[in-house]
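Thanks for coming. I will go through one model this morning, starting with a single residue and then moving out to the whole chain.

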Amino acid sequence: MTHVAVVTGGASGVGLAVCQHLARAGLAVAVFDLDGAAAKDAVEKLRAAGATAFAAEVDVADRASVDAAFERVRAELGPIRILVTSAAVSGFAPFEEISLELWDRFVAVNLTGTFHCIQSAVPDMVAASWGRIVTISSAAGQTGTARQGHYSATKGGVIALTKAVALEYAARGVTANTIPPFAVDTPLMRGQQGAQNLPKTEVIARMIPARRVGTPDDIGATCAFLCSDAAGYITGQVIAANGGAVL
Ligand SMILES: NC(=O)c1ccc[n+]([C@@H]2O[C@H](COP(=O)([O-])OP(=O)(O)OC[C@H]3O[C@@H](n4cnc5c(N)ncnc54)[C@H](O)[C@@H]3O)[C@@H](O)[C@H]2O)c1
């Protein structure tokens, strides 16, 4: 039986690379994204490469939207064995200028969205006594980043949530790990560079021991390994594919 993976934020950047790596590993992939058209594009490309894939327009902050999408995946592809949560909002603002509205949206998408998706998916994994959860957090959640109080707090929360879930499900065959990227060349990073919130790529590269920014494939390959049978004894870990930027 083909195993089913759900990837949130799967239409772009890191999430898209995760979809491609999981599809190459033989999984059926459901792409959940707020941008429904981009999710459909991603699915067309995955299918053209021979994969079984399914697109759903989902706002991970909206529990009804999340639960409905998981039900459609179960009906179309089967029970969920793998969940990767890459959907997030990011941005920079001086601490005193973070409005309550902005704070609430970051918490709703990045942290509560991760909670919704794990809670909706995990019963299938428990039923199968096998599951893989990988959250995409951030170096900002490990160290904090100036002018990212809202983003850093949500990503620190994702790291702690992942560890708690790992402990709770470890004896039931379900692993949960988090990958906290530092700088990965995606539309998100380029958008922040365009808004002058991040320096040019060459400048960021000099801050990283490996002397380059990450590629979506760097994260996709790490994630595919964490989702494999071979990674069954790794749980509750922060696996930083970051060129040595944060140790
Ligand atoms: N790119 C980096 O340098 C970097 C660094 C640290 C952490 N990260 C994390 O990696 C993950 C992926 O980032 P990326 O760089 O690929 O970004 P991206 O903007 O390229 O992709 C994010 C995707 O999430 C989707 N999305 C946003 N809000 C959503 C919602 N409410 N519901 C469903 N989908 C939603 C977007 O439509 C988009 O397709 C994020 O969790 C981000 O915080 C990225």
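Is Arg147 buried, partly exposed or exposed? Arg147 is partly exposed, because its relative accessible area is 36%. The cut-offs are under 20% for buried and over 50% for exposed, with partly exposed in between, using a 1.4 Å probe and protein chains only.

Before going on, the ground rules. This is a predicted model, where local features need pLDDT of at least 70 and side-chain atom pairs count only at pLDDT 80 or more, while totals for chains, interfaces and linings use all residues. Residues are numbered from 1 along each chain as its sequence is written, and side-chain values use heavy atoms, with hydrogens and water left out.

Back to Arg147. It sits in the loop between helix H5 (139-143) and helix H6 (149-169). Helices here are DSSP runs of H or I with at least four residues, strands are runs of E with at least two, and both are numbered from the N terminus. The phi of Arg147 is near 65°, a positive value in a residue other than glycine. Most residues other than glycine have a negative phi. Arg211 also has a positive phi, near 60°. Arg211 belongs to the loop between helix H8 (201-206) and helix H9 (216-226), and at 55% relative accessibility Arg211 counts as exposed.

Now the whole protein. There are nine helices and six strands. Along the principal axes, the C-alpha atoms fill a box of roughly 45 × 35 × 35 Å. Of the 247 residues, 49% count as buried.

Next, charges. Side chains of opposite charge can pair when their charged atoms come close. How many salt bridges does the count come to? The count comes to six, where a salt bridge is a side-chain nitrogen of Lys or Arg within 4 Å of a carboxyl oxygen of Asp or Glu.

Arg190 and Asp185 meet at 2.6 Å, N to O; Arg190 is exposed at 53%, and Asp185 is partly exposed at 25%. Glu71 and Arg74 form a salt bridge with their closest N and O atoms 2.9 Å apart. Those two are three residues apart in helix H3 (residues 63-76), so about one helical turn separates them. Arg212 and Asp218 pair at 2.8 Å, N to O. Salt bridges with shared partners also join Glu71, Arg74 and Asp124 into one network.

Last, a patch. Asp35, Asp41, Glu44 and Glu57 form a negative surface patch. Patch residues have over 30% relative accessible area and no salt bridge, and like charges are joined within 9 Å. Asp and Glu count as negative, with the charge placed at CG of Asp or CD of Glu. Asp41 lies in helix H2 (residues 36-48) and is partly exposed at 43% relative accessibility.

That is the tour; questions are welcome.

Conventions
Patches are made of residues with over 30% relative accessible area and no salt bridge: like charges are joined within 9 Å, nonpolar side chains (Val, Leu, Ile, Met, Phe, Trp, Tyr) within 5 Å. Accessible areas come from the Shrake-Rupley method with a 1.4 Å probe; for residues, only the protein chains shown count as cover.
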